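This report describes selected local features of one protein model. Please view the sequence and the structure together while reading.

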Amino acid sequence: MRYSGFTVIAQALKGHTGWQPVWRDASPKSAYDVLIIGGGGHGLATAFYLAENHGIRNVAVLEKGYVGGGNVGRNTTVIRSNYLLDGNTQFYEFSMKLWEGMSQALNFNVMFSQRGMLITAHSADQLYGFGRRANIMRLNGVDADILDRDEVRRLVPYLDFSETARSPIHGAIFQGRAGTARHDAVAWGYARAADAHGVDIIQGCEVTGFVRDGERIVGVETTRDRIGAGKVGLAVAGHTSVLGRKAGLELPIESHVLQAFVTEPIKPLVHHVVAHGKEHFYVSQSDKGGLVFGGGLDGYNSYAQRGNLGMIREVAEAAVDVMPCISRLRILRHWGGVMDMTPDGSPIICPTPVDGLYLNGGWCYGGFKATPASGWCFAHTIATGKPHPLSAAYSLDRFRTGRTIDEAGVGPFAWLQ
């Protein structure tokens with residue numbers, strides 16, 4: 001439905017009571033072919049691709065809070081595919097291609113802005129390492145460019161290029177197709193598209209336990225009712241280990257807080273995504289003018305969606321180190337996302353040892369950018385019972401066999417290696 005400017009103003013004055021919902025507020029049925037636990041980006045994308053790609057439409061997404069209230073709405077929105085190791089490189093490039101067609105596929109503008117991402121190099125050795133990464137990316141069909149100091153200065157002149165710079169810039173690696181998207185729009189777009197296929201999206205429905213028939217999971221207990229299921233998929237971000245224990249799984253996952261920040265709005269300054277190659281800091285500028293940035297983990301286990309002042313200080317110091325011009329900006333707000341961290345920094349998409357239960361978790365720093373490919377591959381795994389070729393390396397069994405994907409490139413540590 002289209003709304004005129006006068007309609008928007010009128011709705012604001014009336015308290016937004018007359019909007020037409022873009023998806024149904026469904027009540028749970030007694031049973032479904034597939035239950036997806038988690039109404040974030042990955043869960044909603046999985047439900048959409050189950051219907052779109054595999055014709056499985058008797059599906060429900062169970063969300064204990066509200067759609068988009070978890071990590072999909074609590075991140076810095078960066079999308080990139082500048083990975084190094086086999087398995088990750090192909091998966092994240094596939095995700096990038098899905099991002100490029102997402103607004104059309106969902107018929108919903110997710111505001112994907114391919115503004116490019118630049119990671120600064122602060123030594124000759126680091127720039128050499130970036131060259132190796134760029135060559136691997138190119139061999140896999142991923143765009144990558146190595147910039148010298150002068151090229152970086154022309155592209156991002158607001159960084160510290162002075163003779164007294166604490167972190168002298170030697171060059172950078174640049175991916176022109178990288179960028180950002182509107183995180184809320186991603187959740188809303190997948191929810192709307194899944195609903196159009198008949199998927200039930202059930203909010204305020206917390207899973208409290210699993211129903212078994214012998215060794216097989218055949219449903220869940222919730223705060224609203226018992227719901228039966230042919231198959232159950234977990235896509236609950238930082239709470240994967242909590243739900244896993246309820247199903248009898250001990251997972252190689254820890255939960256940590258990762259903070260993000262927004263400053264007061266300023267005139268257009270940062271036209272790309274820029275990452276500090278020496279410290280944990282990366283930044284872009286929103287359409288509202290605020291600088292959106294983040295850093296490293298808070299460094300302790302937590303399920304809280306807030307962080308501590310120590311990390312705020314570290315991130316602020318790194319920001320001023322590379323961009324002294326923003327030293328007097330005020331931070332308007334900050335928040336924390338609860339991150340699943342695996343031993344090797346790579347995710348898990350696979351059937352579990354528990355019959356009828358499938359796992360999507362352990363996304364570390366890569367969750368938002370992986371949203372479409374994660375949903376695509378997880379839907380394939382649930383529908384067929386077998387891993388998708390692009391996510392076959394993300395098995396839970398790899399931690400037993402030693403076939404880990406130990407890629408530093410999944411987070412802010414990528415540009416420190």
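Glu-264 is placed in the loop between β12 and β13 (273-275); helices (H or I, at least four residues) and strands (E, at least two) are DSSP runs numbered from the N terminus. The model is a predicted one, in which local features need pLDDT of at least 70 and side-chain atom pairs count only at pLDDT 80 or more, while totals for chains, interfaces and linings use all residues. Residues are numbered from 1 along each chain as its sequence is written, and side-chain values use heavy atoms, with hydrogens and water left out.

A polar atom of the Glu-264 side chain lies 2.9 Å from the backbone nitrogen of Arg-330. A polar contact is a pair of N or O atoms within 3.5 Å; within protein, one must be able to donate a hydrogen and the other to accept it, and residues adjacent in sequence count only if both atoms are side-chain atoms. Apart from neighbours within four places in sequence, Glu-264 is in contact (heavy atoms within 4.5 Å) with Gly-289, Gly-290, Arg-328, Leu-329, Arg-330 and Leu-332.

## Ile-331 in strand β16

Ile-331 belongs to strand β16. With a relative accessible area of 38%, Ile-331 is partly exposed; on this scale buried means under 20%, exposed over 50% and partly exposed in between (1.4 Å probe, protein chains only).

Residues up to four places away in sequence aside, Ile-331 touches Phe-261, Val-262, Thr-263 and Phe-293. Between Ile-331 and Pro-265 the C-alpha to C-alpha distance is 9.7 Å, at a separation of 66 residues in sequence.

## The second largest pocket

The second largest pocket holds about 600 Å³ of space. On a 1 Å grid over the protein atoms alone, a cavity is a set of points where a 1.4 Å probe fits but cannot get out, whereas a pocket is an open set with protein on both sides within 12 Å along at least five of seven lines; lining residues have an atom within 4 Å of a point. Grid points are joined across faces, edges and corners, and a volume is the space filled by probe spheres set on the points.

Of the 26 lining residues, Arg-182, Ser-286, Asp-287, Lys-288 and Val-292 lie nearest the centre of this pocket. At least two lining residues each come from α7 (183-196), β12 (254-263), β14 (282-285) and β16 (331-341), and β16 gives the largest share, 3 residues. The lining comprises 7 nonpolar, 12 polar and 7 charged residues, where Ala, Val, Leu, Ile, Met, Phe, Trp, Tyr, Cys and Pro count as nonpolar, Asp, Glu, Lys and Arg as charged, and the others, Gly among them, as polar.

## Aromatic pairs

The structure holds 13 aromatic pairs. Tyr-83 and Tyr-92 form a stacked pair, with 4.0 Å centre to centre and 0° between the planes. Rings of Phe, Tyr and Trp (its six-membered ring) pair if their centres lie within 6.5 Å; planes under 30 degrees apart count as stacked, over 60 as edge-to-face and the rest as tilted.

Tyr-83 is buried at 0% relative accessible area, and Tyr-92 counts as buried at 2%. One aromatic cluster is formed by Phe-48, Tyr-49, Phe-94, Tyr-190 and Trp-376.

## Positive phi angles

Most residues other than glycine have a negative phi. Ala-237, in the loop between β11 (226-234) and α8 (240-246), has a positive phi near 50°. Cys-364, in the loop between β18 (357-361) and α10 (371-384), has a positive phi of about 50°. Ala-237 counts as partly exposed at 32% relative accessibility, whereas Cys-364 counts as buried at 2%.
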